[in-house]
Amino acid sequence: MNSDLDDFRQYLENQYLSEKTINIHITNMTNFPKKVGHSQRILINQLNQNMTWCRRLSRANTLSKYLQFKNLPNDEIVEYIKNANQEIQKESKKRQSDMADDKTLPTVAELNKHMNDLYDKGDYRGFCIMYIFINFQVRNMDLIAKVVKSKRQTNENENWFVVGRKQVVYIRNRYKTVEKYGQKTHVIRNERFFNAIKTMDHLLKESDNIDRVIKKTTYEFGGITEATIAKIILRSKNTMNGLRRVSRNRGTDMTTLVENYNITKK
């Protein structure tokens, strides 16, 4: 079986899959309860023994790849994958609907009040983090950025806050979808943000425990994440213009926003 898995790994590598994806496929095959060679219906019964649709989908994707590798039919597994995706979307929409009705989630006004309270307490880093989340709906990694006084001090490989005389230019060269959308630039003229960011030499660093920093910053609201904040913003801007703005800011296509982030969508 090991030589078979070695051959399967080589097959996956030849498809130029990422090392992470390849390792997931190999792990799935290692943990699969029965020898693959049964009918697809038997394989589907085995898939259904997994507790969640996400796990079923992951293992079904692996089975489909493996059957292709073995030159065996995989049409029923492909159909199962389509069904699993639909079930996951249904579950996602239910979670979105539940979140829309969740009275414990803060409003945008409450987020802004918390942000300004952080400034008043002298927590300038926390204030800047909240400001960026609320106004630009970025991901955690986008907060890894250096603070400089001139664009000449920047490069095209990192994120920057360039502090001018009256404004700050937020330059994003490193974010999840940069290869699709390219560099993003935001001009910030908020006086409080200007005063806060210029006291730092970076907002966050690679070495920071970013999840912990974010949860500490949003502790008042139960440690909500950047994704939840993005959804709260969309809840308040449930229009096409609102979607377009968040799409541009975050670097996420509008279809993904509608399906996965728009918590007021029924």
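This is a predicted model: local features need pLDDT of at least 70, side-chain atom pairs count only at pLDDT 80 or more; totals for chains, interfaces and linings use all residues.
1. Four strands make up an open sheet, and the order is simply β1-β2-β3-β4, with mixed pairing. At the edges sit β1 (145-148) and β4 (184-188), each of which pairs on one side only. From one strand to the next, the twist averages 15 degrees.

2. For a closer look at one pairing, take β3 and β4. Strand β3 covers residues 168-172 and runs antiparallel to β4, with five bridges joining the two. If you want a pair to click on, V169 stands opposite V187 in β4.

3. Next, the helix on the sheet. Helix α7 (residues 124-136) packs there and touches β2 (159-163), β3 and β4. The direction of α7 makes about 115 degrees with that of β4.

4. Then there's the helix pair. Two packed helices are described by the angle between their axes and the distance between the axes. Here the partner of α7 is α10 (residues 210-217): their axes come within 10 Å and cross at roughly 90 degrees. Since 65 to 115 degrees counts as roughly perpendicular, α7 and α10 are therefore roughly perpendicular to each other.

5. Which residues make that contact? From α7 come G126, I129, M130 and F133, and they meet V213, I214 and T217 in α10. By type, the residues of the α7 contact with α10 divide into five nonpolar and two polar, with no charged ones.

6. Putting α7 in context: this helix packs on the sheet, and its axis also crosses that of α10 at roughly 90 degrees.

Terms used
Residues are numbered from 1 along each chain as its sequence is written. Side-chain values use heavy atoms; hydrogens and water are left out. Two strands pair if DSSP finds at least two bridges between them. Axes are lines fitted to C-alpha atoms, for helices over the stretch in contact, and angles run from 0 to 180 degrees between N-to-C directions. Contact means heavy atoms within 4.5 Å. Angles under 35 degrees count as roughly parallel, over 145 as roughly antiparallel, 65 to 115 as roughly perpendicular and the rest as oblique. Ala, Val, Leu, Ile, Met, Phe, Trp, Tyr, Cys and Pro count as nonpolar, Asp, Glu, Lys and Arg as charged, and the others, Gly among them, as polar.
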